[in-house]
Amino acid sequence: MPDQPTPRHNPRPPQARSDFEAILRAYEKSGGNPEFLKSTQIASLVISGNTVLGLNRLPGISAEAESLPDGVHIRLQIAPGARFENPIHLCFGVVPAEGVQRILADFDIGAGAEVEFMAHCTFPNALQVQHTMEGTIHVGPGATMRYQETHYHGESGGVEVLPKAQVTVDEGGKYFTGFNLTQGRLGRMEFDYTVDVGAHGLAELTAKALGYGDDEIVIRETIRLNGEYARGLAKSRIAVRDHARSDVYGTTEGNAPFARGHVDCIEIVRGHAVANAVPVVRVADDRAMVTHEAAIGAVGKKELETLMARGLDGETAVDVIVRGMYREGRA
């Protein structure tokens, strides 16, 4: 583990420099600040296809990135008790119109550490791109991990995204993850996370997605509350229109005394879109409690009429309501 930040190798070869600049532009389009990926004072990792374009470590972070024929294998460890002033910034992307990117990711958050990741996945020119992620995440005792992931897939709908992760949260640990894709086409996404939570631990999973055209959204989230007083929340906010489809499967299990869990799904449907929600709750201890709620339908008539009375046309009013659903207050 280095005592000082590990700078990127400069100057880059012309092709790598060109790819890096293209990723920076795409990163900005997906909502990120490119300056974070250039700073030696902020930990970051930049990957285009199967090429590592940038890796900047700070004390308390051990990181390796190994190129594979079709992607990259990441191994990242946070030292016990480590704290960081800024989030760790991750950028994964495919710049060409066609390609495959497979990310293998192993995260180990040491006991008592606190860390936040800001990840942006961007495929700005995609016509036929597949991005897969297979993650193994361990949150140590009393540690806190926050992982916020924002996607931008361009406007063609030619992206297939298949993230899958197995997460373990030890006693007193906290794990928060958020997925966000509310700009541009989505293409096809199949999201599959399973989280095991120990005693006094907490897991919160939030997914926000907007699909249109013939986009397809599948979300599978399972939270297993295996320790006393473990808590879990699986929350999704999905909007689909045109001929898009969404299927949300949220499962929470209360397997220990005083475990508390909740599944919360809202889906808005417009045009010929189809939405499906299957909340599943299981309780294996009579002192545990798990609840769920799901709502699917069109936007509220009263909200729609209020906005139209203020001069908005119907389509714009609906868009305002959908966007409002993604804001922190309602989501």
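Ring pairs link Phe 107, Phe 117 and Tyr 147 into a cluster, where rings of Phe, Tyr and Trp (its six-membered ring) pair if their centres lie within 6.5 Å, and planes under 30 degrees apart count as stacked, over 60 as edge-to-face and the rest as tilted. The model is a predicted one, in which local features need pLDDT of at least 70 and side-chain atom pairs count only at pLDDT 80 or more, while totals for chains, interfaces and linings use all residues. Residues are numbered from 1 along each chain as its sequence is written, and side-chain values use heavy atoms, with hydrogens and water left out.

**Exercise 1.** Determine how the rings of Tyr 229 and Phe 258 are arranged, and which parts the pair ties together.

*Step 1.* By the ring rule, the count comes to six aromatic pairs. In the pair of Tyr 229 and Phe 258, the ring centres are 4.8 Å apart and the planes stand at 20 degrees, so the pair is stacked.

*Step 2.* Tyr 229 lies in the loop between strand 14 and strand 15, and Phe 258 in the loop between strand 16 and strand 17, so the pair ties together parts that are 29 residues apart in sequence. Strands here are DSSP runs (E, at least two residues), numbered from the N terminus.

*Step 3.* Most residues other than glycine have a negative phi. Tyr 229, however, has a positive phi near 65 degrees, and Phe 258 has a positive phi of about 65 degrees.

*Step 4.* Tyr 229 is partly exposed at 39% relative accessibility, and Phe 258 is partly exposed at 30%; buried means under 20% relative accessible area, exposed over 50%, and partly exposed in between (1.4 Å probe, protein chains only).

*Step 5.* The charged end of Arg 287 sits over the ring of Phe 258, 5.7 Å from its centre, the rule being that NZ of Lys or CZ of Arg is within 6 Å of the ring centre and within 35 degrees of the ring normal.

Notes: Helix = DSSP H or I, 4+ residues; strand = E, 2+ residues; numbered from the N terminus.
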